[in-house]
Every structure is written in C-alpha cells, then in structure tokens.
Amino acid sequence: MNGANREIRNKVILITGGTSGVGKAIASGLAKLGARIVILSRNRERGEEALRDIAEATGNDTGEYLAADLSLQSSIRQAGEAFKRKYDRLDALVNAGGAVYFEKELTPEGIERTFAVNYLSHFTLTNELLDLLKESRPSRVITVAGAPRFLKNASFDFEDVQQVNRFSGLRATAQALFARVIFTSELARRLEGTGVAALAFHPGLIQSNLIRTAPWYMKAYGKLSNRSAKKDCGIGVYLAAAKEVESVTGAFFDDKKQMIPIPQLQNEDVGKRLWRVSEELTGISKV
Ligand SMILES: NC(=O)c1ccc[n+]([C@@H]2O[C@H](COP(=O)([O-])OP(=O)(O)OC[C@H]3O[C@@H](n4cnc5c(N)ncnc54)[C@H](OP(=O)(O)O)[C@@H]3O)[C@@H](O)[C@H]2O)c1
C-alpha cells in the first residue's frame, strides 16, 4: 500500500498529544504535507514549543494550539466547544495523546486516571466533534492503540473496566488501549453511511516521553529502546492522508500499513457494552 494522498493542504486536523511522541510525529508529518494542524495538550508552553519545532522542520507555520487536560471531562468539553467556535471544519481527528501511570489515582471527577486520559477523554472529544466531522465528510477519526500481538489475545475486563482492583499501571494501560480499538470498531458501525471513517493503529516504537514517571529500572530500559525508536510515524500520517484508505473503516493497522484482523472486534456485543459504559461515565450520547 503506497498510493497517492488525498488533498490535505489546508485541511484542518486536530491531534491530541501533539506536543510529544506519537502525536508530535504525526502532526509533523501532516504539516509537511500542508495540513493545518491543531495540537491539543495541557501545557501551552510545551504546545508552542512543539509548534515552533514543527514549523522549523516542515516550513509549515500554520499550526495552532488547543489547551485541554485529557484527565478531565469538563476540560475536554470546553476544548471541544472552543474548537467548534474557531474552526468551521474538521477533516481528521487523531486521538494520540496518552500517559502511563504507575500509581493508582482517581481524577477529581472520580475516574481512574489511566482510563480517563487514554480512553474516556477520546470518547468524549470524538463525540463532541462528531457533527463537525460529519459536515466535513469525507473525514476520519484515527486512534492510536497497542501492539497487535497483545490485542489479538486480549479480552476486555467488564467486571473492572477502570482496572482499579489490584491496580497495575501496565495492565490499566493495556486495557485503556484495548478500549480505544473496541471504541473504533463500534464508532465505525455507528457512523456507517455518514462519510466519517474510524480507524485504529499501532504506531510501532516511536521516540517518546511516555515513561517519564516510571520506576528507575523501567526508565533505564526506556532510554535504551528510545534510541532505536523512530521519530516519524508513517502509519499515522498514511491513515490521515492516503487516498487508498478513503473507503476503509472499522479497521486496525500495524505500523507496516497492514490491516490486522482482531477477532474480538467482530463481536458487536463487546462494542455496544463498552459504548454503554462510556455513555454512563461521561453522560454523552451522540451516535
Ligand atoms: N511511543 C510509542 O512507541 C507508543 C506505541 C504504542 C502506543 N503508544 C501510545 O500512544 C500514546 C501517546 O504516547 P507517546 O509515546 O506519544 O507519549 P508522550 O511522548 O509522553 O506524549 C504524550 C502526549 O500526550 C499528552 N498528554 C498526556 N497527558 C495529558 C493530559 N492529561 N492532558 C492533555 N494531554 C496529555 C502530552 O502532552 P503534554 O505536553 O500536556 O504533556 C503529550 O503530548 C499513549 O497512549 C501510548 O500508550 C505509544
């Protein structure tokens, strides 16, 4: 798969986590193709620094910053509203922000942080922006997830959706990333015929700050793997920009641009159940 890009010059693409790692790599790749990127993160200074880096690397200085704390539903809703006031179109939403936490902590809104930041935030943001995505069709929601080898054998733990019982940071992260994939396939089913596609992908190993809060032994391992990790994210750029995936929806891709079947995603009950739980936790119901 190596075809032409759809016309994305001046198209508006919102990227969560655009200040670092996967999100920044995708933002930079899309800016290079001429897209008007908007990067969402919680720290304006880091956001502006990332925009300067991207402009310097790509020659595209049209990028803008949107502030939101992904751990807080209230903040995401405000950011969604602010986005809709400022932009009259959204050609792609890239859900790439995320974090790993090694200690259990609930957000002030009472949701386990890993689940809130990595998954529930993106459920809410996507729903907040759905009308704009539909008006801007053909458009796409592209969501970063974990490695296919883990997803293929994973099962979603509905008895402990937020993984608060016997908390482990890595298990909670895996469940939140799995939720993103289930969310993608359910979103695709719900958006059939609207011109909005939903795709999930594994970015491969990308240089990142993800383990800055990890215990020292993990940081040491992380430093080593960061050295061999990539700075760009070809698959993320491809899914946002390539013409040949225009008619594809509800699919999961690996970093080699291969579509990987995840058997659990065919189970519509799982998708519906996660959607119901997410609606209950966020109070949102748009599709
Ligand atoms: N790197 C990889 O190889 C890899 C592979 C597979 C999956 N992933 C997944 O990709 C996601 C991003 O990882 P990464 O490697 O890009 O990490 P990263 O380098 O640490 O970047 C995380 C991004 O998310 C933003 N973010 C974190 N917490 C936030 C919050 N509460 N509110 C708003 N923004 C927040 C950060 O923005 P701030 O400027 O606000 O900190 C930053 O832009 C994670 O879910 C990770 O599990 C990564």
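**Figure 1. Polar contacts of the N95 side chain.** The side chain of N95 makes a polar contact with the side chain of T126 at 3.3 Å. A further polar contact, at 3.2 Å, joins the side chain of N95 to the side chain of T143. A polar contact is a pair of N or O atoms within 3.5 Å; within protein, one must be able to donate a hydrogen and the other to accept it, and residues adjacent in sequence count only if both atoms are side-chain atoms. N95 belongs to strand β4 (residues 92–95). Helices (H or I, at least four residues) and strands (E, at least two) are DSSP runs, numbered from the N terminus. N95 counts as buried because its relative accessible area is 0%. Buried means under 20% relative accessible area, exposed over 50%, and partly exposed in between (1.4 Å probe, protein chains only). The model is predicted: local features need pLDDT of at least 70, side-chain atom pairs count only at pLDDT 80 or more, and totals for chains, interfaces and linings use all residues. Residues are numbered from 1 along each chain as its sequence is written, and side-chain values use heavy atoms, with hydrogens and water left out.

Figure 2. The ligand is surrounded by 32 residues, the closest being T19, S20, R42, R46 and L70. A residue is near a molecule or strand if one of its heavy atoms lies within 4 Å of it. By class, twelve residues of the shell around the ligand are nonpolar, 15 are polar and five are charged. Ala, Val, Leu, Ile, Met, Phe, Trp, Tyr, Cys and Pro count as nonpolar, Asp, Glu, Lys and Arg as charged, and the others, Gly among them, as polar. The elements α1, α4 (113–135) and α6 (169–190) each supply at least two residues of this shell.

**Figure 3. Ligand oxygen atoms facing N or O atoms of the protein.** An N or O atom in the side chain of R42 is 2.8 Å from an oxygen atom of the ligand. A polar backbone atom of G204 lies 3.2 Å from an oxygen atom of the ligand. For L210, a backbone N or O atom is 3.3 Å from an oxygen atom of the ligand. On its own the ligand has 880 Å² of accessible area, and the protein covers 96% of this. Accessible areas come from the Shrake-Rupley method with a 1.4 Å probe; for residues, only the protein chains shown count as cover.

**Figure 4. The second largest pocket.** The second largest pocket holds about 260 Å³ of space. Its lining has 15 residues, of which G21, K24, A25, Q207 and K231 are the closest to the centre of the pocket. On a 1 Å grid over the protein atoms alone, a pocket is an open set of points where a 1.4 Å probe fits, with protein on both sides within 12 Å along at least five of seven lines; lining residues have an atom within 4 Å of a point. Grid points are joined across faces, edges and corners, and a volume is the space filled by probe spheres set on the points. At least two lining residues come from each of α1 (21–32) and α2 (44–58). With four residues, α1 gives the most to the lining. The lining comprises four nonpolar, seven polar and four charged residues.

Figure 5. Most residues other than glycine have a negative phi, and most peptide bonds are trans. The peptide bond from R137 to P138 is cis, with omega near 0°. P138 is placed in the loop between α4 and β5 (139–144). N10, not a glycine, has a positive phi of about 70°. N10 sits in the segment before β1 (12–16) and counts as exposed because its relative accessibility is 55%. K257 is also not a glycine, and its phi is positive, near 70°. K257 lies in the loop between β7 (251–253) and α9 (268–282); at 22% relative accessibility, K257 counts as partly exposed.

Figure 6. Y119 is found in helix α4 and is buried, with a relative accessible area of 1%. Y119 and A145 are 26 residues apart along the chain, and their C-alpha atoms are separated by 10.0 Å. G236 lies in helix α8 (residues 234–241) and counts as buried at 0% relative accessibility. G236 and K32 are 204 residues apart in sequence and 13 Å apart in space, C-alpha to C-alpha.
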